[in-house]
Amino acid sequence: MSKLSKVSFILFVLIFSLVLAQKNFAQYVNPFIGTGGHGHTFPGATIPFGMVQLSPDTRIDGSWDGCSGYHYSDAVIYGFSHTHLNGTGVSDYGDILMMPTMGTPSLDNKDYSSKFSHQNEKASAGYYEVLLDKFNIKARLTTTTRVGYHEYTFNNSGRANIILDLNHRDELLEGEVKVIDEKTIEVYRRSKAWAENQYIFAKIEFSKPMKVSKTRKVGKSTDGYGAVFDGKDIALAFSNQVKKGEKILVKVSLSLTGFEGAEKNMQAEGKSWDFEKIKKMQNFLGTKNFPK
């Protein structure tokens with residue numbers, strides 16, 4: 001091969017590589033693949049090697065086909081949790097379950113769960129949305145590496161609730177919820193399933209002030225900010241009034257080491273309240289340039 005041919009070949013390879021680098025391969029991803037049969041996959045929002053796998057849970061037991069928390073044959077969603085296994089044959093995860101509801105809050109999963117239709121459900125790389133029929137709430141989910149983003153649109157006016165249930169799926173060995181202020185809480189969860197002793201910490205921020213309206217575990221304080229709820233049975237409802245069409249956004253940062261780690265991850269990846277910006281960033285999966 002002549003020098004000119006070698007140079008031409010190298011230029012061709014470089015140009016071809018640049019064209020491939022600019023192509024959005026994420027558009028071809030179908031997160032619903034494997035969610036039926038014995039696939040054990042989940043359709044929710046995550047990025048490659050991300051700590052957060054934010055996805056709907058339609059299974060609350062440890063059944064084989066419910067290993068990932070979701071099965072396409074189901075018609076009820078119990079909530080959206082932040083960790084999920086993919087393609088395994090054993091059940092675990094489902095940490096930090098959250099679920100939006102309307103009206104008088106209930107901490108019974110039979111009450112706060114909702115029917116849904118696949119016709120009103122969408123998923124793409126790094127994104128998931130669904131309409132919760134029971135409450136007429138549109139839920140949208142997206143994520144960075146360590147922060148899950150929720151957007152709830154309340155299509156009716158009235159009392160809006162966000163349920164936090166730590167007794168979801170695997171066995172809760174120890175839990176704690178700290179109410180920092182009207183928009184911020186911290187969560188610690190130690191659980192047992194496939195993993196014998198699993199720790200996870202989270203910082204949760206609401207875009208709208210939310211008041212603790214119902215608890216299933218009485219903690220050190222039951223009123224006001226600074227309340228702490230701990231034990232082996234913990235669920236809380238956070239409530240406020242909303243207008244028709246109003247949105248409430250929720251950000252959840254995770255850490256496996258402690259509250260300090262969850263705070264650092266929120267500062268690094270969770271400063272934005274612009275859901276659309278975070279969603280669009282999934283075209284550049286794994287980027288570190290998070291919008292402020």
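Reader: Quick one to start: does His40 count as buried or exposed?

Author: Buried, because its relative accessibility is 7% and the cut-off for buried is under 20%. Keep in mind that this is a predicted model.

Reader: And where does His40 lie?

Author: In the loop between helix 1 (3-22) and strand 1 (55-57). The phi of His40 is near 60°, which is a positive value in a residue other than glycine.

Reader: OK, what about Ile96, what's its phi?

Author: Near 55°, again positive in a residue that isn't glycine. Ile96 sits in the loop between strand 3 (79-81) and strand 4 (97-102). Ile96 counts as buried, at 0% relative accessibility.

Reader: Switching to the largest nonpolar core: which residues touch the most other members?

Author: Phe80, Ile96, Leu164 and Ile204, out of 51 residues in that core. Strand 16 (residues 235-242) gives the most to this core, with five residues.

Reader: Which residues does Ile204 touch, leaving out those up to four places away in sequence?

Author: Ile96, Met98, Leu164, Lys183, Thr184, Ile185, Val187, Val250, Lys251 and Val252.

Reader: In which sense does strand 13 pair with strand 12, parallel or antiparallel?

Author: Antiparallel, over eight bridges. The two form a hairpin with five residues between them, and Ser191 stands opposite Gln198 in strand 13.

Reader: How many bridges join strand 13 to strand 17?

Author: Six, and those two strands run antiparallel as well. Across that pairing, Lys203 stands opposite Ser253 in strand 17.

Reader: Now helix 3. Which of its residues are buried?

Author: For helix 3 (residues 259-269), they are Phe259, Gly261, Ala262, Asn265, Met266 and Glu269.

Reader: Why do those line one face of the helix?

Author: Because, looking down the axis of helix 3, the buried residues fall within an arc of 160°. As background, an α-helix has 3.6 residues a turn, so residues three or four places apart point the same way.

Reader: Which exposed residues are on the face turned away from the buried side?

Author: Glu260 and Lys264.

Methods: Residues numbered from 1 in each chain as written. Predicted model: local features only at pLDDT ≥ 70, side-chain atom pairs only at ≥ 80, totals over all residues. Heavy atoms only, no water. Core = buried A, V, L, I, M, F, W, Y, C linked by side-chain atoms within 4.5 Å. Buried < 20%, exposed > 50% of the residue type's maximum accessible area, 1.4 Å probe, protein only. Helix = DSSP H or I, 4+ residues; strand = E, 2+ residues; numbered from the N terminus. Contact = heavy atoms within 4.5 Å. Arc of directions from axis to C-beta. Pairing = 2+ DSSP bridges.
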